[in-house]
Amino acid sequence: MKKKLIPSIILTITSITAFCQSENPVNVTQKTPDNNEVRLNVASAIIGLPELNYERFITDNMGVGLALSMSLDKPRILIIRNIALPYYRVYFGEKKASGFFIEGNMAIVGQKKAVLGTNANDESYVSGYNSATNFGCGAAVGFKILNRNGVIGEICLGGGRLFGGTLVDGYPRLGICLGKRF
């Protein structure tokens, strides 16, 4: 019995250690794929509607994201107050999620318009506000460049149409964005 037990234990330990070896050496670190990106839209910030974007890459040439904008100006100057814009992009570049892209988007747009009145001296004043929240859909095209450190630059142009009783008929989708991929 001892003659069969010792070779069986040695065979078991040898086979366990053989199958437990990892394929990667212990000192080699694996780089995680960069599937997330955060961008700030500089162009929309100049017009008073700063936009922050988050995008998640589904594959090397497709991504989904969310852009959030909030107005800094008074309703008398800028009617669009805020935008929540989920989008889907298809990329045509050689690098992962870069180069020329097309985008389809939907939007929830909050609007507020100042109602002006005039007094006896013909001076105008704000007599109240009209507000509306509407849904819409649109499209955009653009180009994204990426450097080795994960810093990106992007230019996009497009727009969308709002449905229902709106104060404005559409929303802009334009941008010069800077961001970081992680």
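Here are some worked exercises on the model above.

The model is predicted, so local features need pLDDT of at least 70, side-chain atom pairs count only at pLDDT 80 or more, and totals for chains, interfaces and linings use all residues. Residues are numbered from 1 along each chain as its sequence is written, and side-chain values use heavy atoms, with hydrogens and water left out.

**Exercise 1. Work out the overall layout of the chain.**

Step 1: Grab the element count. There are 2 helices and 8 strands, taken as DSSP runs numbered from the N terminus (helices: H or I, at least four residues; strands: E, at least two).

Step 2: The pattern reads α-β-α-β-β-β-β-β-β-β.

Step 3: Check the burial. Of the 182 residues in the chain, 34% are buried (under 20% relative accessible area; exposed is over 50%, and partly exposed lies in between, with a 1.4 Å probe and protein chains only).

Step 4: Look at the contacts (heavy atoms within 4.5 Å). Among those with a separation of 6 or more, 53% link residues 24 or more positions apart.

**Exercise 2. Is Glu55 buried or exposed, and which side chains does Glu55 make polar contacts with?**

Step 1: Locate the residue. Glu55 sits in strand 2, residues 51-59.

Step 2: Classify it. Glu55 counts as buried because its relative accessibility is 0%.

Step 3: List the polar partners. The Glu55 side chain has a polar contact of 2.7 Å with the side chain of Tyr91 and another, at 3.2 Å, with the side chain of Lys144. For the term itself: a polar contact is a pair of N or O atoms within 3.5 Å; within protein, one must be able to donate a hydrogen and the other to accept it, and residues adjacent in sequence count only if both atoms are side-chain atoms.

Step 4: Widen the view. Setting aside neighbours within four places in sequence, Glu55 also has Asn35, Arg39, Gly63 and Arg89 among its contacts.

**Exercise 3. Which residues make the nonpolar surface patch?**

Step 1: Name the members. Phe92, Phe100, Ile102, Val141, Phe143 and Ile145 form a patch of about 570 Å².

Step 2: Trace the strands. Strand 5 (99-118) and strand 6 (124-146) each give at least two residues, and strand 6 has the largest share, 3 residues.

Step 3: Zoom in on one member. Val141 lies in strand 6 and is partly exposed, because its relative accessible area is 40%.

Note on methods
Patches are made of residues with over 30% relative accessible area and no salt bridge: like charges are joined within 9 Å, nonpolar side chains (Val, Leu, Ile, Met, Phe, Trp, Tyr) within 5 Å. Accessible areas come from the Shrake-Rupley method with a 1.4 Å probe; for residues, only the protein chains shown count as cover. A salt bridge is a side-chain nitrogen of Lys or Arg within 4 Å of a carboxyl oxygen of Asp or Glu.
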